[in-house]
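Welcome! Please take a moment to look over the sequence and the model shown here, and then we will walk through them together.

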Amino acid sequence: MATWEEARCCPKCSNAGREDGRVPTAKRGVTAVKLTCENPLCRWFETPWFVQINPDGSIPDPDTFSKGPKQFVIPRSDAEAEAMIKAANFAGEQAFNTTHGEIRGR
Ligand SMILES: [Zn+2]
């Protein structure tokens with residue numbers, strides 16, 4: 001298991017990301033936390049990624065990539081990132097009433 005302090009760090013620069021909301025996943029009780037890198041020097045500056053949290057509060061370890069559920073869902077392209085953000089915002093609106101406009105356009 002990974003700790004939250006580990007999981008919240010940017011996969012690229014290892015700086016702690018900003019939590020931008022939590023969205024329910026298709027799996028009951030499993031939450032995906034949207035995190036955004038705040039390090040202006042990082043390639044992933046203002047790029048979101050997701051960390052999965054199990055119903056018991058545990059976070060899958062990054063080492064279990066090959067056999068278990070992925071900890072990070074990393075967009076492979078800007079288009080995919082955009083689709084993920086839209087999906088996250090849509091779910092977020094319903095569950096948490098979060099606002100749009102947190103993600104900068106490119
Ligand atoms: Zn980063």
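A nonpolar core is a set of buried Ala, Val, Leu, Ile, Met, Phe, Trp, Tyr and Cys residues joined through C-beta atoms within 7 Å. Keep that idea at hand, and remember that this is a predicted model.

## The overall plan

Let us begin with the layout. The protein has two helices and four strands, and along the sequence they follow the pattern α-β-β-β-β-α. Of its 106 residues, 23% count as buried.

How much of the contact list joins residues 24 or more positions apart? Among contacts with a separation of 6 or more, such pairs account for 44%.

## The core

Which residues make up the largest nonpolar core? Eleven residues belong to this core: Ala-7, Val-23, Ala-32, Val-33, Leu-35, Trp-49, Phe-50, Val-51, Ile-53, Ile-85 and Ala-88. Strands E2 and E3 and helix H2 (78-96) each supply at least two of the core residues. The largest share, four residues, comes from E3. As a general background, nonpolar side chains in soluble globular proteins tend to be buried together.

## Strand E2 and its partners

Strand E2 covers residues 31-36, and five of its six residues are buried, so the strand is largely enclosed by the rest of the structure. On one side of the story is strand E1 (residues 18-24), which pairs with E2 in the antiparallel sense over five bridges. Within this pairing, Arg-22 has Val-33 as its bridge partner. E1 and E2 form a hairpin with six residues between them, and Gly-29 in the turn has a positive phi of about 85°.

E2 also pairs with strand E3 (residues 48-53), again in the antiparallel sense, over six bridges. Here Thr-31 stands opposite Ile-53, and Ala-32 has Gln-52 as its bridge partner.

## Strand E3

Is E3 mostly covered or mostly open? E3 is mostly covered, with six of its six residues buried. Pro-48, Phe-50 and Gln-52 point one way from the strand, while Trp-49, Val-51 and Ile-53 point the other way, and all of them are buried.

Arg-18 has its place in strand E1. Why is Arg-18 called partly exposed? Arg-18 has 15 other C-beta atoms within 10 Å, and a residue counts as partly exposed when its number falls between the limits of 12 or fewer for exposed and 20 or more for buried. Not counting residues up to four places away in sequence, Arg-18 touches Leu-35, Thr-36 and Glu-38. The C-alpha atoms of Arg-18 and Cys-37 are separated by 6.3 Å, although these residues are 19 residues apart along the chain.

Ala-81 is found in helix H2. With 18 other C-beta atoms within 10 Å, Ala-81 is partly exposed. Pro-48 is one of the buried residues of E3.

Conventions
Residues are numbered from 1 along each chain as its sequence is written. This is a predicted model: local features need pLDDT of at least 70, side-chain atom pairs count only at pLDDT 80 or more; totals for chains, interfaces and linings use all residues. Two strands pair if DSSP finds at least two bridges between them. Two residues are in contact if their C-beta atoms, placed from the backbone, lie within 7 Å.
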